[in-house]
Amino acid sequence: MDYSKTVNLPKTEFPMKANLPQREPDIQSFWEEIDLYRKSLEKPAPRGKFLLHDGPPYSNGDIHVGNAMQNKLPKDFITRYMSMRGYRAPFVPGWDNHGLPIENNVAAEFRKAHKQPTRIELRKRCREYAGSWVDKQRSQYRRLGIRGDWENPYLTMATDYEAAEILVFADLALNGYIYRGLRPIHWCVYDETALAEAEIEYESHSSHSIYVRFGLVSDPKGVFIGASDAYAMIWTTTPWTIPANVALAVHPEYEYALVKFNGATYLIAAELREAVLQAIDVTEFETIKTVKGTELEGLVFKHPLFDRESPIVFASYVTLEDGAGIVHTAPGHGREDFQTGQKFKLPIINPVNEKGVFTDEAGQFAGLRVLKEGNDAVVEALRATGALLASGFVTHSYPHCWRCHQPVIFRTTVQWFLNMEHNDLRKRILDVINSVNWLPADGLNRIRSLMESAPDWCLSRQRSWGVGIPVFYCQKCDKEVITRESFDAAHKAVAEGGSDAWFEKSAEEILPKGFKCPHCGGEEFAKENDVLDVWFDSGSSWRAVCAAREELGLPADLYYEGYDQYKAWFGKSLIVSMAITGKPPFKTVTAHGFVVDALGRAMHKSRGNVVKTTDVIAKCGADVVRLTACSFDVFSDAKLSDEALDRASDAYRRIRNTFRFLLGNLYDFDPERDSVPYVDMLEMDRWILSRLQTLVSQVNDGYDKYEFHRVFHGAHNFCTVELSSLYLDILKDRLYASAPQALERRSAQTAMYELLSALVRLLAPVLSHTAEEVWKYMPGANRPASVHLADFPEVNMSLVDAKLEAKWQELQEVRDEVYRVLEQARQEGVVGKPLESRVEINAPEARYNLLKQYEDQLPALLIVSQVALEKRDEGSELQVKVMQPQGDKCRRCWLVLETVGKSEEHPELCDRCVSVVSELHAG
C-alpha cells in the first residue's frame, strides 16, 4: 500500500517563487479594476478621518530610492494602516512645479538649441517640462504600489493652486505682514537670485584668511596719544567685501590693547593679542596700554584702498573666538553689518551685481567676479598698499545654495519680505508650537530655535518660472499699490489664465477700468516682475489643498517629510498659517532621515548620487523595496547597499515561505465549518495565539509611532523564530500524520488560520502586493475583495495567557538544551537524523513536574521518536542523553517506535498510523 497518499501533505497553488517584477503589475491592475482607493474611502470609518498631507517633491527627474524608501513608502504604510484601522484616510499626492531646478534645466535646453526665449516662451516650456515629469513620477510611484488619488493630485502650477496662492499673499499683505525693503539677503551668483534661509546649506569651503590694517585718521579722546603710525587691525575670510567697508565694529565691554611692533602701534582685542601676533609672525612687541571698548568711541580710521573713512562703532556680536576682536563692517554684505549700519546711520555700499561681478562702484576691481579673481585682486591690492599684514587660507563651514551647491554671498538689495515681528507673529508661533506633536521629540527644540532666530522671510526671486508677486506700482508716485481691489484683479486674472496671465497681460488689462492709485490718484501702473519663493508656493498648500478640498480639511493630522524641512516646508507652512489663521496647519510633524550613499551623503538629484527606483524594482520587485524601507529606522539616516537589499530579499523569502506553509496546510480547512472552539484547542495552539497577540500589539504600536523597523523585526522574527523554527516545525507531525478530521489537526488548522489572517493583514501596509496575493488564496468566504479593505488586527485579550506563555517558555529552554546535545551526538555519529533518536531527560524536581505534564507531547515538541523522563534526586541542572531508539521506523510518519509491526494488516505502521489508515479505509 502507498501510505504516502494517506498523509495530509500541504497543497496550494500559491507560488513558491514570487516573480514580483512580473506579478505586481497584475495585482495593481486588479486594484484599478475594483477602484481600490475609492473603495477604501467608502468603507466604514468608525474612528473618523486621518489626513496625511503630502509634501510636494519637485517634478524634475526620476524618483530615487532615497525619496521612495524614507518618504513616499512610509507615507503609504501610514495611510494604508490607518484605512485598515477604521479611519477614512485620503491621500492626495502633490508636486512642486515652480523653481530653479526646472527653470535651469529648461534654460539649458534653449542654450543647447542656440535660442534666446522670451519670458513667456520659457514659462510655457517650464510648464510642459514639469508636467511631463509629473506623469513619469506618478507612474513610478504607482509602480511602487502607493495608494492615493493619482488622478487628481495637487500641482503648484495648477490654475486653482496659483489663484489660491494669490489670495494667501493678499491676506498677508492686507494685514500688514508683507513689506518691500532694502535688506541683506543670501544671493546665489550662479542662479542670479535671492535665497531664503530654507535654501541655504552649510558645506566645507576654503576661503582666504587675511589680517588687514586700517590707518588712524581721528583720535579725539587721545587713545593713541604719543603713538606714531597708529592702526586698527581686522581679520576677514571675505576679502571681496573690503571695497564695501564703511566702519569698524568693537565690543563695548571688551578690553583692547595698544600693541607696538615693527615701529607701529596697533589696536587689538587684549585677549586675542598673543594669537594674533603669532598669526602674523610677530615675536617681539610691547603693550603700551589697554582701554575698554567704550573708550574707543569717536575714533576714525581710513579705508585701506579707497578715500573713505571707517569710524569705530559698537556691536554686541563681536566675539573673542577668532580674528582680532575688531570686525570689518560692510552693511551691503552682511545681516549683522546691515543692522549695525542702520543703527549708526552708515552708508550702504553694494558694489556687486546680480552675477557676482564688481560694479564700477568698486573702482579698480570693476568687472571681476568676487568669488573668483575678485578675491585675489583685493588681496594683492592690500599687499601693494602695505595694508596686508598676513594672508593664508582657512577651511570652514560656509553657506551654499542648496540647488547648485555653490557658495553664496550676501547682497543688500530691495526685496519683498514677510515681517516676522508684525502682530507678534514670532511670539505667537513660539507660544503655539508646544501644542504640536513633534517626532522625534527633539524636533520641538529644532523648530523653536529656527523660529527664534528666523530673519524676515525674503519672498521675492529674480526668476521667470513661478507665481508672479501680485503687486502694482504707480508710475506717478512710484509707490506700491496694495489694496483689496488690486489683489482681486490679480486673482481674477490668475484664476482665469493661470500665473502666465500676470506676465502676458499689461497692468491696464488686469486692473479694472478707472482704477486709481490710492496714494496719488495716478492712473498708470507697472507690475512687479519678481516671482514668489517656491517655499511660499508649498507653504500655502494647507490652504490651497487641505482647506480647498472637501475630502481633506484642516488641520492635517500629519506632515511627514525629511528633517531638512524644519526650516523649509514645516516652518514656512507654520508661518503662513499662523499669520492668516492664528493656528498651526498640522497636529503632528514627523521628520524622517535620509537614505544616504556609500559616502554617507543624502541622495539628491542635483548631487548626481541617486539610485533610480525603477532599476531596483526591475531587479527585486516593489515589495522587496517596500520591505527594505520598512527595515529602516525612519528617524535616522539609512545607508542603502546591495547588502541591505539582499537582507530584505532573504527576509521576504522567509515571510513568503511562511505564508505558503500556512496556506498549504489549510487546503481542506473551512473556517466556518472546521474551526475548533478556543476552549477545545490544544494547549500549544492556544499558546501560539497568545504569542500572536504580543505581535499584534507590537506591530500596532510600531505603525502608530511610525517606527516601522519594529514592524519589520517583529513580523520577521515571529515568522522565522516562533513559527518556522518552533511552532510550525513541531506541528508537522500532527498536521501530516493525524486523521484529516482529528481534533488535534483541526485545532492546529484553526490556529494556523488565525495566524495567517492576522499576519497577512499586519503586513498588508508594507507587503501590499504579496498580502493581496495571499488574500486571494486564503480559505473561507465573506471576506472583502481586497486585503486592504479588511480591518486591521486588534489585540484579543481573551487569547492572552501569561501563565501559559511562561510554561512554554520553560519548555523552549528544555528544547534548546536537548537540541544542543542532539547536535553534538549527531556530529559524533551516535545518531543520524533527530527523528531517529531517543532522548533521556534527567530533570530536577520543579522542571520534572512541568515536563511530566507534557510527557506524551515531548517527542513532538523535541521532534524525536522517543523521550524518557526521570527525576533527579540531586543537582539543579538538566541532564540530557541521546541514543538510538528502540523499535522500527514507521513507513508513514517516519517515527521509530516499538509499536511498529504490531498490526497484522499494516505491519509497517505504528499504532497511531494504523488507526488513521483504518479510519480512512473505512471512510
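## A helix and its neighbours

Let's start with helix α18, where the buried residues pack against α1 (20–34), α3 (65–84), α5 (119–143), α19 (622–631) and α20 (642–664). Packing here rests on contact, meaning heavy atoms within 4.5 Å. Helices (H or I, at least four residues) and strands (E, at least two) are DSSP runs, numbered from the N terminus.

Which residues of α18 are buried? In this helix, residues 613–620, they are T613, V616, I617 and C620. They sit on the same side of α18, because they cover an arc of only 100 degrees around the axis; that arc is taken from the directions from the helix axis to the C-beta atoms. The face turned away from the buried side carries A618 and K619, which are exposed. Buried means under 20% relative accessible area, exposed over 50%, and partly exposed in between (1.4 Å probe, protein chains only). Just after α18 comes G621, with a positive phi of about 95 degrees.

## Where the numbers come from

This is a predicted model, so local features need pLDDT of at least 70 and side-chain atom pairs count only at pLDDT 80 or more, while totals for chains, interfaces and linings use all residues. Residues are numbered from 1 along each chain as its sequence is written, and side-chain values use heavy atoms, with hydrogens and water left out.

## Rings that meet

How many aromatic pairs does the structure hold? There are 35 of them. A pair needs rings of Phe, Tyr or Trp (its six-membered ring) with centres within 6.5 Å; planes under 30 degrees apart count as stacked, over 60 as edge-to-face and the rest as tilted. Take F14 and Y777: their ring centres are 5.7 Å apart and their planes lie at 80 degrees, so this pair is edge-to-face. It links distant parts of the chain, with F14 in the segment before α1 and Y777 in helix α25 (residues 768–777), 763 residues apart. F14 is buried at 0% relative accessible area, whereas Y777 is partly exposed at 27%.

Y81 and Y703 pair up as well, and they are stacked because their planes are at 20 degrees, with centres 4.6 Å apart. Y81 belongs to helix α3 and Y703 to helix α22 (residues 683–704), 622 residues apart. Y81 is buried, at 1%, and Y703 is buried, at 1%. Ring pairs also join Y81 and Y703 into a cluster with F77, Y706, F708 and F792.

## Charges over rings

The charged end of K72 sits over the ring of Y141, 4.8 Å from its centre. R80 lies over the face of W31, at 4.9 Å from the ring centre. To count, NZ of Lys or CZ of Arg must be within 6 Å of the ring centre and within 35 degrees of the ring normal.

## Nonpolar cores

A nonpolar core is a set of buried Ala, Val, Leu, Ile, Met, Phe, Trp, Tyr and Cys residues joined through side-chain atoms within 4.5 Å. Which members of the largest core touch the most others? Out of its 134 residues, Y727 and I841 do. Helix α23 (residues 708–737) gives the largest share of this core, 14 residues. Leaving aside residues up to four places away in sequence, I841 touches residues including V814, L851, L862 and L878. Another core lies apart from this one, with 78 residues, among them A164, V471, W502 and A556.
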